[in-house]
Amino acid sequence: MKRFLFLSLPALIVVTGVVAQEQVATFRQGTPLHENATPPAIAKVNNSDLRQTRNYPEQPPLIPHKIDGYQIDVHVNQCLQCHSRAATEVSQAPMVSITHFMNRENQFLTSITPRRYFCNQCHVTQGQVRELVGNQFIDVDTVLDIARQPQDGGD
C-alpha cells in the first residue's frame, strides 16, 4: 500500500498542477507561460495641461503633461523648474504642496524635503488606455449624495 501511494504521488501532483493551471486568470490572453507574449503598444500620455479631478482625499495629483526625458535624480529635479515656489509666477504651474517642505518631525524647511524630492514616487502621468479589469469605483462626493437621498421605506 505504501509503495502504491509513493508511486502515485508524482502523478497526483502533475494532475493537480494541470487543473490549477487551467483556473489561473492572467493578462497573458492565452499565451502559455513558457512563451513570450507580444507586448501591447505603449499608450499615449494625456498632454492637456488640465488639472484632473482627484477621486479621494489626499490623492496625489496626476501629472497632466508628458514627462518623457525629465531628469529627476539626486542632482536635478526638472519638475521644480516650473513647480517650485520661485518659478510658479512665471510658469503658472501649481506650486508643490506645503507638505513637501515638511521633514519627518513636521518641521518646515526652506526647500523640498529629501523624502519628497522624487516626484514620480507618488505623481504619475495618465495614459489613454482602456481598463484592464472592471471598475465600479464611486468617488466620495457621489457616496455622500447617495447617503443624503431619502431612503425608500418599501413597506
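Select Thr88 to begin: this residue is buried, with a relative accessible area of 17%, where buried means under 20% relative accessible area, exposed over 50% and partly exposed in between (1.4 Å probe, protein chains only). The structure is a predicted model, in which local features need pLDDT of at least 70 and side-chain atom pairs count only at pLDDT 80 or more, while totals for chains, interfaces and linings use all residues. Residues are numbered from 1 along each chain as its sequence is written, and side-chain values use heavy atoms, with hydrogens and water left out.

**Around Thr88**

Thr88 has its place in helix α3; helices (H or I, at least four residues) and strands (E, at least two) are DSSP runs, numbered from the N terminus. Leaving aside residues up to four places away in sequence, Thr88 touches Cys82, His83, Ala93, Pro94 and Met95, a contact being heavy atoms within 4.5 Å.

His83 is partly exposed, with a relative accessible area of 21%. Which residues does His83 touch, not counting residues up to four places away in sequence? They are His65, Thr88, Ala93, Pro94, Met95 and Val96.

**The whole chain**

The protein chain has 155 residues, of which 14% count as buried. Among its contacts between residues at least 6 apart in sequence, 43% join residues at least 24 apart.

**The pockets**

Rolling a probe the size of a water molecule over the atoms shows where empty space is left. The search uses a 1 Å grid over the protein atoms alone: a pocket is an open set of points where a 1.4 Å probe fits, with protein on both sides within 12 Å along at least five of seven lines, and lining residues have an atom within 4 Å of a point. Grid points are joined across faces, edges and corners, and a volume is the space filled by probe spheres set on the points.

How much space lies in the largest pocket? The value is about 1,100 Å³. Of the 34 residues that line this pocket, select Pro61, Leu62, His83, Pro94 and His123, which are the closest to its centre. By class, the lining of the largest pocket has 16 nonpolar, 12 polar and 6 charged residues; Ala, Val, Leu, Ile, Met, Phe, Trp, Tyr, Cys and Pro count as nonpolar, Asp, Glu, Lys and Arg as charged, and the others, Gly among them, as polar.

The second largest pocket has a volume of about 300 Å³. To show its lining, select Phe27, Arg28, Gln29, Thr31, Ala37, Thr38, Pro39, Pro40, Val129, Arg130 and Leu132. These lining residues divide into 6 nonpolar, 3 polar and 2 charged.

**The cysteines**

Turn to the cysteine side chains. A disulfide is a pair of cysteine sulfur atoms within 2.5 Å, and by this rule the count comes to 0 disulfides. Cys79 is in no disulfide, and the nearest cysteine sulfur, that of Cys119, is 3.8 Å away. At 12% relative accessibility, Cys79 counts as buried. Cys82 is likewise in no disulfide; the nearest cysteine sulfur belongs to Cys79 and is 8.8 Å away. Cys82 is partly exposed, with a relative accessible area of 35%.

**An aromatic pair**

A search of the whole structure finds 1 aromatic pair. Rings of Phe, Tyr and Trp (its six-membered ring) pair if their centres lie within 6.5 Å; planes under 30 degrees apart count as stacked, over 60 as edge-to-face and the rest as tilted. Select Tyr117 and Phe118, which form an edge-to-face pair at 5.2 Å centre to centre, with 85° between the planes. Tyr117 counts as buried at 17% relative accessibility, whereas Phe118 counts as partly exposed at 32%.

**Two loop residues**

Finally, select Glu58, in the loop between α1 (2-22) and α2 (80-83). Glu58 has a positive phi of about 70° although it is not a glycine. Is Glu58 buried or exposed? Glu58 is exposed, with a relative accessible area of 76%.

The tour ends at Gln92, found in the loop between α3 (88-91) and α4 (140-148). Gln92 is not a glycine, yet its phi is positive, at about 65°. Gln92 is exposed, with a relative accessible area of 63%.
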